[in-house]
Structures are given as C-alpha cells and as structure tokens.
Amino acid sequence: SLLPSPALTLGHSNMSVLATVAAEIDWATVLAYAFTVMAAYVALTVAAVASPIARRILFKSRLYARGIAHMVLSREKKNWPKQRGNGVPVFDSLVTKRIVFIRHGESTWNQVFNRGFGYRFPFRLFEGVLTEVVGLLSRSSFFFDAPLSDLGNLEAKKLRSFLTSKEDGPVGKDADALAGVKGTSILVTSNLRRAAQTMAIAFWDRVAVTGEKIYVLSCLQEMARNVDTCALAGPGEPVPLRGLEEQIPDIQNVPAGPIRDLLERRRVTDSGSVVAESGHFNAGNKPLMRNGHASMLEFAHWCAAQDAKTVIVGGHSLWFKEFFKCFIPSEQEHVAQRKKIVNCGAVAFDLKCGKDASGNDGFSIDSSTVRVVYGGFGK
C-alpha cells in the first residue's frame, strides 16, 4: 500500500491541533466580549455628537485600531511587479521635471527606537509612553504620526539656515528653485507631521515672502508597518502644524506679507499655524491594502501633470529609497538605491516622464542627474 506523504501527514496534524484549540475556546464568552465592544463603540459614536471628550476618545480609538491593524495586516511591499517602475519614456514625448527630495528630521518615534537599545532606551520608552498617556484625550500623539523630536526641530532649523545662507547655501541650478526666486517650483509634503513640520520650518523664509501653500500628498505617506506611519490628518485636511511658530527664533523679523499679517492679527490657517497647506490631494490615511509601488506611480503621474518645473518634496527615507530603486534603470547603479537620505538631507534629480515604446506611460531617472544638495546619504 502507498504511504501518506509527509506533507499530507503534516496537514492532518495541523488540522487536528486547530480542531483541538477551537474545541477548547469558550465561544459564548468570545461573542459576549465582541458584542460588548461593539455596543461600547456605538454608544461612543452616539455620545460624540454632543460631547467633545467623546469625540476625542472616538478619534483615538479609531487611530489605535487602525495602527494595530496596519502592524498586523499591512502588505505595502508585497505583490510588486518583477519589473519595477514603468517603461523608459522615448524622446519624442519626453517631459523632464526636476525633483528635490528632502527627508524629515528625527521624529519622536526615531528618538525612542533608533538611538540604540542601551541602558537609556527604557527611559526614552517610559517618557514616550507617559507622554502618550497624558495626551490620551487630545488629537495629538507621541507615537502615531510621530512629530519632530527636539533634535528633529534642530535639524530642520539647520536646513533652514543652509537654504538661506548666501555663503554656504545651495548652488547651481537648484538654488533658485529652492529659494523660489527664479523659474517655477512648488512645495509638497507627505501627510505625516514630521515631513510637513520639516518643510514648514526649512522653507519658512520662502513662504513668508510668497505666501504659497504647501501641498499635502497622501501618496507620499511612508511605507512601513510601524504606527508612526499612520496619519492624523483625514481626507482633504491639512497636516496639523500647531505650535510651529515656537521653532522660529527670529519670528519678529518676518517681512511684510500674508504671514506677517496673520501674526499681527493673531490668526492661523486651517493647519493650526500661519503656514498654509492645501489638503486637496490628501486622500487621508493609507488603506490597509495599499500597494507601495502604485503610490510611487501616482506621485510620478502627479509630477508630470504639474506646470511647475521643479517639485520640492518633504518625505521619508524608505519611500525615497524605493522610488530611486523603482525608476533608476537596472543597468545603472547609484548609492540612492542602497542607502537612505540622512535626516533633513536634500537630494535633487531629473524625472523623465512620457510614453514608452509601447505607448504606455513611462518614467525614469538617469543616475547621472542625481545630485546631493545638502546632507547626502547615510553610511
């Protein structure tokens, strides 16, 4: 007689274990707990109509639930095509956009988890948890959509100093675009606070003169399971920037313009700051089944559709690295495909947009056009 295969035996063994476990579960108790949670959620939703406290608790409950779901179910880097990116555009349809990637400064999440796990780690973790508990009834968070840490704010200020320096500031063809004094350029950010805060601080002097809005693009939201990648801003909303003015030590020297007008009238924009944002392109928090490759194609299409020649982007290290891996041709090699941009680092490159030989949309980055503006790449 034929002996059962090891795989079949193992399958029967696993099924037996599952059946045993299922038989030992008190399903009546499980259902009772489930109905209790559902009833509490419905009651909280009804109470939120009239109670600000109930609305905040409901907001935080949804935020925590979504964050946990992302940690367990997210598959952003799964099911990517073997051939990343799109076809290389041909010259007769070519449009070239200059892109400047700016990584955010250190966040509070980075402060706790990215400084090593030595004897100081428990103290940093305790401080973070305590801050989260104290702010439980607020619409802010220490871990979720983590804002800039003290060091991150300092890094953003150093980037601001570099951008405004006449001696040591940007040079070459990207300098005027960054300053907003020549050509056409726009400022965009992901829908996460640390990126938006970095852009608002670093480009404070430019925005104070031009009064331009920073565009919020949800397709730039970081690709990771961690809860710090879950956004607080909902669909169509600006990223919260409340308290940003505290990071501008020379705020009394703001030139005449819309920012100074708001400061004198003690008014703020919808962002909670005098720095205005446009949430028109913010679709809200990333869906559980989001595909990271699709988000990068969405951003490339968005850039190609803009009238501006230069797009200055505040975003995230993993997203930026994957973008370079996606659109720099496989036969070319560059450090941008292997290393993350450092905190508040700025890297510029040309994105070629058009139709490939088959008539489909195509995007590519010639590695020879990649230039470090500030900071560069990590070790």
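Contact means heavy atoms within 4.5 Å. By that rule, and leaving aside neighbours within four places in sequence, asparagine 191 is in contact with Asp145, Val216, Leu217, Ser218, Gln221, Ala231, Val239, Asn282, Gly284 and Asn285. This is a predicted model, in which local features need pLDDT of at least 70, side-chain atom pairs count only at pLDDT 80 or more, and totals for chains, interfaces and linings use all residues. Residues are numbered from 1 along each chain as its sequence is written, and side-chain values use heavy atoms, with hydrogens and water left out.

**The whole protein**

- The protein has twelve helices and eight strands. Both are DSSP runs numbered from the N terminus: helices are H or I with at least four residues, strands are E with at least two.
- Of the 379 residues, 47% count as buried. Buried means under 20% relative accessible area, exposed means over 50%, and partly exposed lies in between (1.4 Å probe, protein chains only).
- Take the contacts between residues at least 6 apart in sequence: 81% of them join residues at least 24 apart.

**Asparagine 191**

- Asparagine 191 lies in the loop between strand 2 (185–189) and helix 8.
- Asparagine 191 is buried, with a relative accessible area of 0%.
- The side chain of asparagine 191 makes a polar contact with the side chain of glutamine 221, at 3.1 Å. A polar contact is a pair of N or O atoms within 3.5 Å; within protein, one must be able to donate a hydrogen and the other to accept it, and residues adjacent in sequence count only if both atoms are side-chain atoms.
- The side chain of asparagine 191 also reaches the backbone oxygen of glycine 284, at 3.3 Å.

- Helix 5 (residues 121–134) has 14 residues. From first C-alpha to last, helix 5 reaches 20 Å, close to the 20 Å expected at 1.5 Å a residue. The expected span is 1.5 Å times one less than the number of residues.
- Phe121, Arg124, Gly128 and Glu132 are the buried residues of helix 5. Seen down the helix axis, they fall within an arc of 70 degrees, so they line one face of helix 5. The arc is that of the directions from the helix axis to the C-beta atoms.
- Helix 3 (52–73) and helix 4 (108–113) are included in what covers those buried residues.
- On the other side of helix 5, Phe123, Phe126, Val133 and Val134 are exposed.
- Helix 8 (residues 193–202) is mostly covered, with ten of its ten residues buried. Among them are Arg193, Arg194 and Gln197.

**Salt bridges**

- The structure holds 16 salt bridges. A salt bridge is a side-chain nitrogen of Lys or Arg within 4 Å of a carboxyl oxygen of Asp or Glu.
- Lysine 77 forms a salt bridge with glutamate 322, with the closest N and O atoms 2.9 Å apart. This pair links distant parts of the chain, 245 residues apart: lysine 77 is in the loop between helix 3 and strand 1 (95–103), and glutamate 322 is in helix 12 (residues 317–327).
- Lysine 77 is partly exposed, at 48% relative accessible area. Glutamate 322 counts as buried, at 3%.
- Arginine 98 and aspartate 174 meet in a salt bridge, at 2.9 Å from N to O. Arginine 98 lies in strand 1 and aspartate 174 in helix 7 (residues 173–179), so the pair ties together parts that are 76 residues apart in sequence. Both residues are buried.
- Arginine 206 forms a salt bridge with glutamate 212, with the closest N and O atoms 2.7 Å apart. Arginine 206 is buried at 7% relative accessible area, and glutamate 212 is buried at 19%.
- Salt bridges that share partners join Arg98, Lys173, Asp174, Asp350 and Arg371 into one network.

**Glutamate 155**

- Glutamate 155 sits in helix 6 (residues 150–164).
- Glutamate 155 is buried yet has no salt bridge. The nearest side chain of opposite charge is lysine 158, 7.3 Å away. Lys and Arg count as positive and Asp and Glu as negative; His and the chain ends are not counted.
- A polar atom of the glutamate 155 side chain lies 2.8 Å from the backbone nitrogen of glutamate 106.
- Leaving aside neighbours within four places in sequence, glutamate 155 is in contact with Gly105, Glu106, Asn343 and Cys344.
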